[in-house]
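Hi there,

Here is the structure I said I would pass on. Have a look at it first, then read my notes below.

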Amino acid sequence: MIAYIEPYFLDNESDASSVLTVTGRSSDGVSESLNIQGEIICGASAADIAGKDFGGMNCVKPLAVVRPVGPEDIAAAVRAALSSDKLTVAARGNGHSINGQATAEGGLVVDMRSTAENHFEVGFLTGDGTAFVDVSGGALWETVLKRCVSEYGLAPRSWTDYLGLTVGGTLSNAGVSGQAFRYGPQTENVTELDVVTGNGDVVTCSEVENSELFFSVLGGLGQFGIITRARVLLQPAPDMVRWIRIVYAEFDEFTRDAEWLVSQKDDSSFDYVEGFVFVNGDDPVNGWPTVPLHPDHDFDPTRLPKSSGSVLYCLELALHYRDSDSNSSVDKRVERLIGRLRFDEELRFEVDLPYLDFLLRVKRSEELAKVNGTWETPHPWLNLFVSKRDIGEFDQKVFKELVKNGVGGPMLVYPLLRSRWDDRTSVVLPEGEIFYIVALLRFVPPGAKASSVDKLVAQNQEIVQWCVKNGIDFKLYLPHYKSREEWIRHFGNRWSRFVDRKAMFDPMAILSPGQKVFNRAL
């Protein structure tokens, strides 16, 4: 019998609390009351809030949504689940997962955004004096950025392209963008966490204190704990950014230049290096018009080599500078760095813009997508890490064949350095020092039939299966598999460590059921 949940909202504003009463006879006959200071939402409203994610391809019904006041409320939700025979708990940040990872069918979804304002304090590490900010796991990176820059002239060192994501959400995966070649992913730029484990404990952890939990949670897909506070490293924020895009017809030239740039010492490269693939045609969504950075820029296809194929490649670069830097000094720095790269000068686009505007550049794409309706449609995205060894073969099969007509959104590809990632975290990577992130960020037109979305999902599966069949050294980023065998293949020789960590910090498999890594223990 499904447990019955009844919410009560008390009128005493000075000590408001919600009581979630789990009654009715479940398989083990447990009856438990959950007393929290926050809010509990049940029924259809819970499904409206947390039944779907950004991917829009899965729809489940949670038992309730819990909007906690702080860590103790979250711990109480976990302990209530432990006292039942079926309940699970999923932490939901901004719901930007693709395959239902932040959902909990018949379980409790903890809406972390209700804790967004719980922490914000800037300090300095003892020893080297490095600046940091303590922020809530439910805070949006966009908010953290704006406050750090406007109030302190400081900024986190590593980002994601889209900043409408929660701190705890990205740290539970990795957090990757064009700065990761230098500073590593966001998981490499935190020194301390507060975590609610699957045992219902509230624990502070770091590299030296409860270190096994610290490294387990970072990149741990929410399997070991819910991040309620993170200590994020900061650096002085620049004032301005020189943003540059240059075009390549040949993949090997594109990768050679990209790999050279990310392999240079910190003062000998750009501050941001990314890249993407685009269609060799005038398609406004997938082709030439996606490359220029300003309305006055013109993409002249006559400048392309006659040997150009169905797709082209763009290297995207950024250099930070201060208002006090002269234009000539910025120009000299750019030319010194870009002078060794092989591209056509006539297919070079650049603009100068404030640092905040650069980091929030995807916000404008979000606003446009909301206007044209594609923000609310399904998003069958595919994100992978592919080894340098196999990226050329991947280009031939995937970029030049399977998606040569585009995906209705960005097709990112750029190199990262393995040495910037700590092997003690739960993230798994391809072999070799250099590997590539590949992101096929599909946007489905409004009104598209379900069958068309299914075809895109099937194509993603085709790509993954092609990688497996042909021995491509790859790992899914933001992974989601449906079978134990696939998860074992994903983690490889790290699988036993992942299982041991689960047994230590969430032995009943309460947390993050939407990832479908483990089944709830009875």
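**Strand S9 and its partners**

S9 and S13 pair in the antiparallel sense, over 5 bridges. Strands here are DSSP runs of E with at least two residues, helices are runs of H or I with at least four residues, and both are numbered from the N terminus. Two strands count as paired if DSSP finds at least two bridges between them. One spot to look for in this pairing is Val135, which stands opposite Ala230 in S13.

Before you go on, keep in mind that this is a predicted model, where local features need pLDDT of at least 70 and side-chain atom pairs count only at pLDDT 80 or more, while totals for chains, interfaces and linings use all residues. Residues are numbered from 1 along each chain as its sequence is written, and side-chain values use heavy atoms, with hydrogens and water left out.

S9 also has strand S8 (residues 120–124) as a partner: the two run antiparallel and are joined by 5 bridges. Phe124 has Ala131 in S9 as its bridge partner. The hairpin of S8 and S9 has 6 residues between the strands, and Gly127 takes a positive phi near 105° there.

Is S9 enclosed or open? In strand S9 (residues 131–136), 6 of the 6 residues are buried, so the strand is largely enclosed by the rest of the structure. (Buried means under 20% relative accessible area, exposed means over 50%, and partly exposed is in between, with a 1.4 Å probe and protein chains only.) Ala131, Val133 and Val135 point one way from S9, while Phe132, Asp134 and Ser136 point the other way.

**Two residues in S13**

Now go to Arg229, which sits in strand S13 (residues 225–236). Arg229 counts as buried because its relative accessibility is 7%. Which side chains does the side chain of Arg229 meet in polar contacts? One is Glu192, at 2.6 Å, and another is Asp194, at 2.7 Å. (A polar contact is a pair of N or O atoms within 3.5 Å; within protein, one must be able to donate a hydrogen and the other to accept it, and residues adjacent in sequence count only if both atoms are side-chain atoms.) Leaving aside neighbours within four places in sequence, Arg229 is in contact (heavy atoms within 4.5 Å) with residues including His119, Asp134, Val135, Ser136 and Thr204.

Leaving aside neighbours within four places in sequence, the contacts of Val232 include Ala131, Phe132, Val133 and Val135, along with Trp141 and Pro156.

**The chain as a whole**

Zooming out, the chain has 14 helices and 21 strands. Its radius of gyration is 23 Å, close to the 24 Å that the globule rule gives for 522 residues, so the chain is as compact as a globular protein of that length. (That radius is taken over C-alpha atoms, and the rule is 2.2 Å times the number of residues to the power 0.38.) Buried residues make up 58% of the 522 residues. Among contacts between residues at least 6 apart in sequence, 72% join residues at least 24 apart.
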